[in-house]
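Hi,

Here is the structure I said I'd send over. Have a look at it first, and then read on for what turned up when I went through it.

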Amino acid sequence: MTTAKSSATPHEQRLARYIHARGDPGLVEALLGVKGVVVGGRHRIETLYNVGGESAVYLTRDRKRPDAPPLIAKIPLYPVHLPIDLDSKVIRKQRAAIRVEGTFLKESDSQFLPEFKGYFEFQNPLLDSARGGAFAEPEPLLLMEMLPGRDLDRWLARMHRSNVPQARMRRCLDRVAVVLLQALVDLYERNLIYADLRPANLRIMGRPERIVRLLDAGSLVHRIYQGDRFPHVPSYLPPQVFKDLKARRKVHPTAEIQTVMAGRTLFEAATGIVPHAGKEVDTGLLKTSNVSPPVAEVVEGLCHGDFAHVRHAYRFLARRAARRVKGGNDPDRITQVVESYHPKPRPKAKPKRVHVLVRKKRPWWKRIWRFFRG
């Protein structure tokens, strides 16, 4: 295992302080040892971008296309700063999660997820291959598109504490609600459920797309072949499901659970209040929130479990919301084209007849006659 603290960028230094406060001092410094590794013969790992619960995220640069935008590379996360805690069983389990995420991302081919760019294997310099077993096996790396914009939770924290006009906030948040429901319907039709639904897993993008995309394909669970996978954050679970999981009862993600999670996520987006685990949200706050009345009505129904599926909520909203886009919000197109407004030309008014008194000119012989007469 190697460390590279001296080569840390300002972003990596901030990330190290955050991870240290989270209870893992030295983890980021150890993860920097992967910088400089080239995978696939062309993709060079440049910077540590983020550290999640099960994966480390890096930015890569294509050496054959240096002007191309950077890509995201995800590798399994282990306690590499504590080599004594490393175990072959844990390493193989984390690697299997990355492979499952890569499979979902590639086969789903959804426009609401990052684009799949490749799957590679390399020898991880953070692991001592002399220990044998999983330590000597190749490390999986998932390469995907880097989405521009901001994470929705950070965007909400900034916007709700700023004096942004309510009309502008409503346009943005209504768009968030519509696209999120579109994304969940699209994934469900591909036999996928987004189990870990929360604002931190949504990326809000600016113009010209003005859309929201789901970040973490590792939060996907197959609708039929689920196994024991249920990635989640307790605050966004339905209260009864949270109690069941707390009592160690087996719970599988379903369409009904996803509707409530979508409602609690949109409730936070509308009000700026984070839901509490195991407690119902105060939907009365939606009346004075930053979403339009039709969207507030749908969010309230989602939080109370009135919809059996997000598709029903989307149809309910489509019948009541005012459409600002020609043809509505097409779920098959992630980018909605807004036509410019061209007013109809007014018919030309008929010119008014103006009567002007014009003094007629006298004939020449009368003018001469008057001259001689004096």
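Let's start with Asn191, which comes out as partly exposed because its relative accessible area is 26%, between the 20% and 50% limits. You'll find Asn191 in the loop between H5 and S8. Its phi is near 65°, a positive value in a residue that isn't glycine. That is worth a glance, since most residues other than glycine have a negative phi.

Before going further, please keep in mind that this is a predicted model.

Asp109 also has a positive phi without being a glycine, near 50° in this case. Asp109 belongs to the loop between helix H3 (88–108) and strand S5 (116–122). Is Asp109 buried or exposed? With a relative accessible area of 61%, Asp109 is exposed, because the cut-off for that is over 50%.

Now for the overall picture. The protein has 374 residues, and 45% of them are buried. Its secondary structure comes to 10 helices and 11 strands. If you take the contacts with a separation of 6 or more, 61% are between residues 24 or more positions apart. The accessible surface is about 21900 Å², with carbon and sulfur atoms holding 52% of that.

On to the inside. The largest nonpolar core has 63 residues, and Leu181, Leu197, Leu214 and Leu220 have the most contacts within it. Which helix gives the most to this core? That is H5 (residues 166–189), with 12 residues. Apart from this core there is another one, of 33 residues, including Ile19, Leu27, Leu48 and Tyr58.

Beyond its neighbours up to four places away in sequence, Leu220 touches Phe104, Leu113, Leu187, Leu192, Ile193, Tyr194 and Arg229.

Asn201 is a polar side chain to look at next. Asn201 sits in the loop between strand S8 (192–194) and strand S9 (202–204), and counts as buried because its relative accessible area is 6%, under the 20% limit. Leaving out neighbours within four places in sequence, Asn201 is in contact with Tyr194, Asp196, Arg213, Leu214, Leu215, Asp216 and Ser219.

Arg213 turns up again with Glu145: a polar contact of 3.3 Å joins their side chains. Glu145 is in strand S6 (residues 139–145).

At 17% relative accessibility, Leu59 counts as buried. As for His43, it is 16 residues from Leu59 in sequence and 9.6 Å from it in space, C-alpha to C-alpha.

Two ring features to finish. How many aromatic pairs does the structure hold? There is one. Separately, the charged end of Arg223 sits over the ring of Tyr188, 4.9 Å from the ring centre.

Cheers

Conventions: Residues numbered from 1 in each chain as written. Predicted model: local features only at pLDDT ≥ 70, side-chain atom pairs only at ≥ 80, totals over all residues. Heavy atoms only, no water. Core = buried A, V, L, I, M, F, W, Y, C linked by side-chain atoms within 4.5 Å. Buried < 20%, exposed > 50% of the residue type's maximum accessible area, 1.4 Å probe, protein only. Helix = DSSP H or I, 4+ residues; strand = E, 2+ residues; numbered from the N terminus. Contact = heavy atoms within 4.5 Å. Phe/Tyr/Trp six-rings, centres within 6.5 Å; stacked < 30°, edge-to-face > 60°. Lys NZ or Arg CZ within 6 Å of the ring centre and 35° of its normal. Polar contact = N/O pair within 3.5 Å; in protein donor to acceptor, adjacent residues only side chain to side chain. Areas by Shrake-Rupley, 256 points an atom, 1.4 Å probe, with all protein chains shown as cover.
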